[in-house]
Amino acid sequence: MAHFSTNEFKAGLKIMLDGEPCNILENEYVKPGKGQAFSRVKLRKLISNKVLEKTFRSGDSVEGADVMDTELSYLYTDGEFWHFMNNETFEQIAADEKALGDNIKWLVENDTCTITLWNGTPIVVIPPNFVELAITETDPGLKGDTAGTGGKPATLVTGAVVRVPLFVQKGEIIRVDTRSGEYASRAQK
Amino acid sequence: MNISNEWQPSGSVESLVKRAKILSDIRLYFATEKVLEVETPTISPSTVTDVHLEAMRTIHTNPLSVKKTHLFLQTSPEYYMKRMLCAGFPSIYQITKCYRDDEVGRYHNPEFTMLEWYRLSFAMNELIDEVDTILRLVLNTPVCDKATYRELFFKYLGLDVKSDTDLKIVSICENFGYENIVPLGFKDTLSTFDRDMLLQLLFCEKIETQIGRERPIAVTKFPASQASLAKIDPADPWLSLRFEFYYQGIELANGFEELNNVDEQKTRFILDNKQRKEGGLEVKPQDMKFLNALDVGLPMCSGVALGIDRLLMLALGKKHISEVLSFDFAAL
């Protein structure tokens, strides 16, 4: 893999740090008038999702990370792996539980997910911003209630729990914002 | 037609009105103090040897000669101004453009404005007081703090920069996660160059961020190995009479009680070039006219360079140097 010097560091560049691929968020040039220049870099570790700061001596190089994002559609899980397909090449790829993390609860068959591959292996799976899921369990609500009064918890088919307005009932399909984990609306029939 | 906004100045009218006001206040101050305003060339056939400074270059064509001359743009007006002092000029100041290659950032524009002045017969402390007077005038700051370089390292990092070992400096760096900056293959000793480089790192990241918050601070007596063009402290040869001003995370001014010993000046040029060579950098020719002037004699004096753009950032609370320039580097 290519090496990148600090003068090539910019937001979006993927580099290796402590054995983990990282995405550079910011690179600030720091230099005392009579001294060595440094790059103060803010980056996100792609596997642990931690944001950290690292200072480099200007002109130093680090190894690039072979990381790419790809759009794949979710097929099924065998309990150990979650299988995705490239709809153009029909190649399949399997992601493990670590790559999915909390996003397991937003996986809907045939939905297109963004999968980050590091050396060809999935390390992060990001579901679409909105998914539609059926409610399997929720208390019957009061009639005449409207959205915005606090709502009630509802368990979805994937096991996710979201707060929904009181008028939404068991068996209905709702639209959820996966970034916030919040109810957006009833699904359009 | 798609009209882009890229032609517009990077600084606002408000910023540039303030710039004009500050420049006029500074000129008024020096007029009152009877310090002479001068202008010196911004180009020269030679440049500084500083290991951490790179000059931009240009080429001059002479209509009366087939030879083309390679010239450097000044990184500061120091050598020309000292040549004037050696020739008998009184205390002088100038407000001039300086140019530094390979420096772009929040506090760095490749072309910037410097206020540089020299005070005959001033000792370091007298010039520190005058810098403070100007800051109070322009920024309305309270009287500045003063601390030595050594005191600050001791206070913030528990490190005695004079007597502690290289191993201790390295272990502090490693504890802060700077193991990637420690020279490869370090065992127990660092070159003076690398020791200073790590001290500069710790100063930038762990001290500069904590000092000069409420009021400006003058940091004095940098180690002799970072003396630049300052005299060595007669009371302690390990120290130099170099000072820097910091305020709210910004390095604002660098000054010296000026070195006026030509032999020592030559030695420092040679040491700089030795370090440049070791670091794989281009070796720079010595400025012979500057050395010849020093040989005749630089009167006892102190001098300082203050970044006008950074001063303006502080006066206006701006976060990026582009906001106080008419056109920053990105707007060219």
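Trainee: Which residues of α1(B) meet α9(B)?

Mentor: Start with the residues on each side, then the geometry. This is a predicted model. From α1(B) come Ser15(B), Lys18(B), Arg19(B) and Ile22(B). From α9(B) come Leu311(B), Leu312(B), Ala315(B) and Leu316(B).

Trainee: How do the residues of that contact divide into nonpolar, polar and charged?

Mentor: The contact of α1(B) with α9(B) has 5 nonpolar residues, 1 polar and 2 charged.

Trainee: At what angle do the two helices pack, and how far apart are their axes?

Mentor: Helix α1 spans residues 13-32 of chain B, and helix α9 spans residues 308-316. They pack at about 115°, and their axes are 10 Å apart. The crossing of α1(B) past α9(B) is right-handed.

Trainee: Now α5(B) and α6(B). At what angle do their axes cross?

Mentor: Roughly 40°. Helix α5 covers residues 166-175 of chain B, helix α6 residues 192-207, and their axes come within 11 Å. That angle makes α5(B) oblique to α6(B).

Trainee: Is this crossing left-handed or right-handed?

Mentor: α5(B) and α6(B) make a left-handed crossing.

Trainee: Which residues make the contact?

Mentor: α5(B) contributes Asp166(B), Ile169(B), Ile172(B) and Cys173(B). α6(B) contributes Arg195(B), Leu198(B), Leu199(B), Leu201(B) and Leu202(B). In the contact of α5(B) with α6(B), 7 residues are nonpolar and 2 charged, with no polar ones.

Trainee: On to the chains. How do I read an interface?

Mentor: Its size is often given as the accessible area lost when the parts come together. Here, take the residue counts.

Trainee: How many residues does the contact take from each chain?

Mentor: Chain A gives 15 residues and chain B gives 20. On the chain A side, β3 (20-30) and β5 (51-57) each supply at least two residues.

Trainee: Which element gives the most to the side of chain A that touches chain B?

Mentor: β5(A), with 4 residues. The side of chain A that touches chain B divides into 6 nonpolar, 4 polar and 5 charged residues.

Trainee: Into which domains is chain A divided?

Mentor: Domain 1 runs over 3-63, domain 2 over 67-126 and domain 3 over 130-186.

Trainee: How far apart do the C-alpha centres of domain 1 and domain 2 of chain A lie?

Mentor: These centres lie 28 Å apart. Check the contacts too: 4 residues of domain 1 of chain A touch 5 residues of domain 2. On the domain 1 side of chain A that touches domain 2, 3 residues are nonpolar, 1 is charged and no residue is polar.

Technical notes. Residues are numbered from 1 along each chain as its sequence is written. Chains are lettered from A and ligands numbered from 1 in the order in which they are written. This is a predicted model: local features need pLDDT of at least 70, side-chain atom pairs count only at pLDDT 80 or more; totals for chains, interfaces and linings use all residues. Axes are lines fitted to C-alpha atoms, for helices over the stretch in contact, and angles run from 0 to 180 degrees between N-to-C directions. A crossing is left-handed if the near helix is turned anticlockwise from the far one by less than a right angle, and right-handed if clockwise. Two residues are in contact if their C-beta atoms, placed from the backbone, lie within 7 Å. Ala, Val, Leu, Ile, Met, Phe, Trp, Tyr, Cys and Pro count as nonpolar, Asp, Glu, Lys and Arg as charged, and the others, Gly among them, as polar. Angles under 35 degrees count as roughly parallel, over 145 as roughly antiparallel, 65 to 115 as roughly perpendicular and the rest as oblique. Domain bounds come from an automatic or database domain assignment.
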